[in-house]
Amino acid sequence: MKAIQLTAPRTLSVTETAPPKPGPGEVLVRVGLLGLCGTDLGFFDGSSNYLRDGLKSYPFVLGHEWIGTVVETGPGTDPDLLGRRVSGHNFRVCGRCAHCRAGRIRSCPDRSEIGVLGPRPGAGAQLITAPADTLTRIPDALSDAAGALLEPTAAAAHAVDRLTVTASDRVAVLGAGTLGLAAAQITRAIGADTVVLDPQPAARALAAELGLRAQAAPARSDDEAYDAVIEASGNAAAVRSAVRLVAAGGRIAQLGTPHHTVDGFDAAALVIRDATLHGVLSGIGYWDRLVGLVESGAVNLDALVDRVFPLDELDAAFAHLADGSRSRPKVLVRIDPALAAAGPA
């Protein structure tokens, strides 16, 4: 089978490798689409904090956002999965520690994340194995592109849930990328008064296309005005702005991941305003809720896709991911050439 191998900064190739076999409790999936995100770009250009901190090293098969079709089931798995479209979360955990036993698998100290953390190969291959209990079946109403976007956007559903957003809340979402636009659509579906803040005109235009209110930057009148703030960019200035915007007794979800220490973060303001700050990792446990929102039309994930590249244009896909010319945040790679068109070409 073919797999995307990253061997050094800006050095990747599509290599031939032996296909895996599903073990007990696992299935074999033929990958249709692979999503590329900022984490993948950091691996590609060598800037990733995972590389810097020794949590990942070259060479490896990248990829952690995917959709595919089950083509073989291993021992102890439901044979009804065969032929089903699926996607799944990428945490592989020990199952024995106190966190795992309590259902907090995101906190397992021995966890790995395929294509991101630890030695396991990622989803950038024609065939991958996956534990059946990590999978979500994709209903017919969802496109392949939407299915491939469930992994990143489920984290937005987690952020909204952690903030216990209600229809009476004023919500500010910082960043109109994949995470921010998903989060804003979810809070709007709840009925919250939501504004998206992003300095990029194209990002604001897409927010407006999705029916969201957007502005370039906070106004002075926005200071301490929001019951809930979702920082979805990881940008240092936005991280600082979240503290400025949150109201007394309000809540902040840090959904974006800064790749360095944020200087000037006003922790004292959080204390004085009795505000709560949540760090949000992954969307495990929120996939079904998100699928329901997409099925209902409340959340549009297809609109977030800028281009779908064939596997033999992988370098072009990463160049497009990096060059800042996208009008929409998401870049996908078609791993299975037989796959029908799954979004903008």
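The model is predicted, so local features need pLDDT of at least 70 and side-chain atom pairs count only at pLDDT 80 or more, while totals for chains, interfaces and linings use all residues. Residues are numbered from 1 along each chain as its sequence is written, and side-chain values use heavy atoms, with hydrogens and water left out.

**Salt bridges**

- Side chains of opposite charge can pair when their charged atoms come close.
- The structure holds 15 salt bridges (a side-chain nitrogen of Lys or Arg within 4 Å of a carboxyl oxygen of Asp or Glu).
- Let's start with Glu-65 and Lys-330, whose side chains meet in a salt bridge at 2.7 Å, N to O. This pair links distant parts of the chain, 265 residues apart: Glu-65 sits in strand β5 (residues 65-73) and Lys-330 in strand β18 (residues 330-334). Helices (H or I, at least four residues) and strands (E, at least two) are DSSP runs, numbered from the N terminus.
- Glu-65 is buried at 2% relative accessibility, and Lys-330 is buried with a relative accessible area of 2%. Here buried means under 20% relative accessible area, exposed means over 50%, and partly exposed is in between (1.4 Å probe, protein chains only).
- Asp-169 has a salt bridge to Arg-251, with the closest N and O atoms 2.9 Å apart. Asp-169 is in the loop between α5 (150-162) and β11 (170-174) and Arg-251 is in strand β15 (residues 246-254), so the pair ties together parts that are 82 residues apart in sequence.
- Asp-169 is buried at 7%, and Arg-251 is buried at 15%.
- Asp-53 is partly exposed at 49%, while Arg-52 is exposed at 51%.

- β17 and β18 run parallel and are joined by five bridges; strands pair if DSSP finds at least two bridges between them. Arg-307 stands opposite Val-331 in β18.
- Together, β17, α11 and β18 make a right-handed β-α-β unit. Right-handed means that, with the strands pointing away from the viewer, the path from the first strand over the helix to the second runs clockwise.

**A buried glutamine**

- Gln-185 is in helix α6 (residues 178-190) and is buried at 1%.
- Leaving aside neighbours within four places in sequence, Gln-185 is in contact (heavy atoms within 4.5 Å) with Leu-210, Leu-212, Ala-298, Val-299 and Asn-300.

- Most residues other than glycine have a negative phi, and most peptide bonds are trans.
- Thr-164 has a positive phi of about 45°; it lies in the loop between α5 and β11 and is exposed at 53%.
- Asp-274 has a positive phi of about 55°. Asp-274 is in the loop between α9 (267-272) and β16 (276-279), exposed at 60%.
- The peptide bond from Tyr-58 to Pro-59 is cis, with omega near -5°.
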